[in-house]
Amino acid sequence: MENNVQSNESQVLGKTDLRNQRTFEPGEEKLNTNRPFKSKDGRARVGVWIDGGSTQTRGIMMTDEEARSGKMMEVFKETYVIPSTSHTVSTRAIPSQNSESDLLYDNMYAMTSSFNTEATIDFKQVTIRGGMAELVSGEENRVGSKLKTHDPVFYSNLVDWLGYTSMLKFGDEIPTDIDIHMAVALPPDDLTKFNLNVFYKNMKSFVWKSVPHDITIKFNIIEIMEKTEPEAYIKAYYILSGQDVPEIVLHTDGGGRSSGTELLVSGVSSPQARPTHEIGGTHLLNDLNDAYVDEYGGRPLPRKKLEEAIRTGYVSLGEKTRNDVVDLIKIAKDQKASELLSSIRRKLFDSHSKYSQDEVSVVSVSGRLFEEGDYGYSIAEKFMELALIEMPNAEFIHIKQPYIPQGLFLLTFQKMSLLSDVSANEAAASEESPYTPSAEPETEVQEPADAVLVETEAEQMKGE
Amino acid sequence: MRIEFPKGFLTLRTKKAEDLVEHHLTEGTFWDFVAILVEEKAEDKVEVQLAEMQNIIKMIQSQIASGNLGGATVSNNTSLPSPNVFGDDASKSTVKPRVADLDLNLLGDMKQMFARAKKMEGE
């Protein structure tokens, strides 16, 4: 599981060493490696806990051996992150390797094949992301306005996360077969019976190949668990911090596509009170774009310019000109705060008469939607100011670090069959005195029905 | 001098801020208004965010500059104040939400965390 690179690797590969010359989005630094990756015939069994956001896909991967051998806490803290934006390309459109760089980040070029006959969504794709995506123009794949369980881009992100994380995790001994025990965080409105059935049907088994590294992995999804994003987040916060959970906690996690709210009553979820709000980072960018065009004229700004503006407070026009748009951003953010509060009131309190707003003890927010930017202003501030009128007794907390994978792990590990021969508590106890399994796991891994087809496709992909 | 705001001038502002402006801008100069705000803010007599106050100043400046501030007059030798008169950083507001950061290196024992998770799952 060594992530550091050897000093002579780039010389061996004969390419420019671009490590430390790039700026990475927080969390994506593990992709800044040019270590060699190699396949090894064999099967591994891993648990994964994934938060598939619209900007980044992040998660934890733990092998059954790690869970047994006292490394649980160490692995629990280690998050793997890939960018969630990609391009779909033809295999003829780009060279199989980036000629300028041998970093993994610059060689994220993967093919996915699924032979699952029950699948309702086609995510059999050739995708590039990271530095390689800079080599092509055109529309980016991005988790859109659809439900995540119905969005091919969301599946593509999960699959690529599994692939690249397996490469980073196993390094020069990447198993050819990996059985996956999976927990995923979804927006609240994706957790209906119908949507979950769609998700289960589509996430079954597939073959994934990293083209530049010629690494092919067959993934078999053994089991899937799910939680809402705000639930995983706020429960992780209270479990990790060790604080007592106040009587009524109202937590909102703001993402790119939407935001979700979770109501904890005496520390326990209130499943009837889990609204999704169609308010996210994308809507904020759209509002800023409209305001910018209204103020400065011209054509709408491209998304990258808008994202830069939200981060820095400026719209750069060429090398010498830049417009200060902090005022426009603040107005747009204030508007989103107002819409969010109104949606919470309407979807949660007006239709959930058991609790009233003035009973709320803590109002917390998390997620990229609430990030401050270099100009130091967050939606959280206006949200708090407005909410104080309706929830005068509440304490307001802005939680900034991403905890969804950790929350998923804590809430699902004990129910997973990753460790079929030992309870989660026994494994946790081995953190102090390492547990040595006396026998192989009793439960056999069931071969997927389409294993033969998968095998054939794997061979085909190896030949490409 | 009496300063009156056009209808809808403060539609994006909170009621609290609107009342504040209504209260103080009935007479006096622009500088009087700013001075009163600074003084009352310093004495904690007003409960309004710095960012909010800065925005009010900016809006008033804009209205004066465009000549749309009904009835308002500003003498030639009166320079407009900087919006930063209340502080140069909106983030210094005293009514921000508490920021919570956890250090994953200071976590308790995994078994305890599993027990807490079970409790939160209602088990």
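This is a predicted model: local features need pLDDT of at least 70, side-chain atom pairs count only at pLDDT 80 or more; totals for chains, interfaces and linings use all residues.
In helix α8 of chain A, which spans residues 303-312, the residues Leu306(A), Ala309(A) and Ile310(A) are buried. These three lie on the same side of α8(A), because they cover an arc of only 95° around the axis.

Chain A has 13 helices and 17 strands, and of its 464 residues, 58% count as buried. Among the contacts in chain A with a separation of 6 or more, 74% are accounted for by residues 24 or more positions apart. The accessible surface of chain A comes to about 19,100 Å², and 47% of that surface belongs to carbon and sulfur atoms.

When contacts in chain B between residues at least 6 apart in sequence are considered, 74% of them join residues at least 24 apart.

We now turn to helix packing. Two packed helices are described by the angle between their axes and the distance between the axes. Within chain A, helix α6 (residues 229-241) and α11(A) pack at an angle of about 80°, and their axes are 7 Å apart. The helices α6(A) and α11(A) are therefore roughly perpendicular to each other. On the side of α6(A), the residues that take part include Glu229(A), Tyr233(A), Lys235(A) and Ile239(A), while those of α11(A) include Ile404(A), Gln406(A), Leu408(A) and Leu411(A). Taken together, the residues of the contact of α6(A) with α11(A) divide into 9 nonpolar, 2 polar and 3 charged.

Helix α11 of chain A, residues 404-412, also packs with a helix of chain B, namely α4 (residues 110-120), at an angle of about 80° and with the axes 8 Å apart. Because of that angle, α11(A) is roughly perpendicular to α4(B). From α11(A), the contact is made by Phe409(A), Leu410(A) and Leu411(A), and from α4(B) by Met110(B), Met113(B), Phe114(B) and Ala117(B). The residues of this contact between α11(A) and α4(B) divide into 7 nonpolar, no polar and no charged.

Finally, we can look at the backbone in two loops of chain A. Most residues other than glycine have a negative phi, and most peptide bonds are trans. Asp214(A), although it is not a glycine, has a positive phi of about 55°, and this residue lies in the loop between β8 (205-210) and β9 (215-228) of chain A. Asp214(A) counts as partly exposed, because its relative accessibility is 46%. Ser266(A), which is not a glycine either, has a positive phi of about 50°, and it lies in the loop between β11 (259-265) and β12 (268-269) of chain A. With a relative accessible area of 47%, Ser266(A) is partly exposed.

Note on methods
Residues are numbered from 1 along each chain as its sequence is written. Chains are lettered from A and ligands numbered from 1 in the order in which they are written. Side-chain values use heavy atoms; hydrogens and water are left out. Buried means under 20% relative accessible area, exposed over 50%, partly exposed in between (1.4 Å probe, protein chains only). Helices (H or I, at least four residues) and strands (E, at least two) are DSSP runs, numbered from the N terminus. The arc is that of the directions from the helix axis to the C-beta atoms. Axes are lines fitted to C-alpha atoms, for helices over the stretch in contact, and angles run from 0 to 180 degrees between N-to-C directions. Angles under 35 degrees count as roughly parallel, over 145 as roughly antiparallel, 65 to 115 as roughly perpendicular and the rest as oblique. Contact means heavy atoms within 4.5 Å. Ala, Val, Leu, Ile, Met, Phe, Trp, Tyr, Cys and Pro count as nonpolar, Asp, Glu, Lys and Arg as charged, and the others, Gly among them, as polar. Accessible areas come from the Shrake-Rupley method with a 1.4 Å probe; for residues, only the protein chains shown count as cover.
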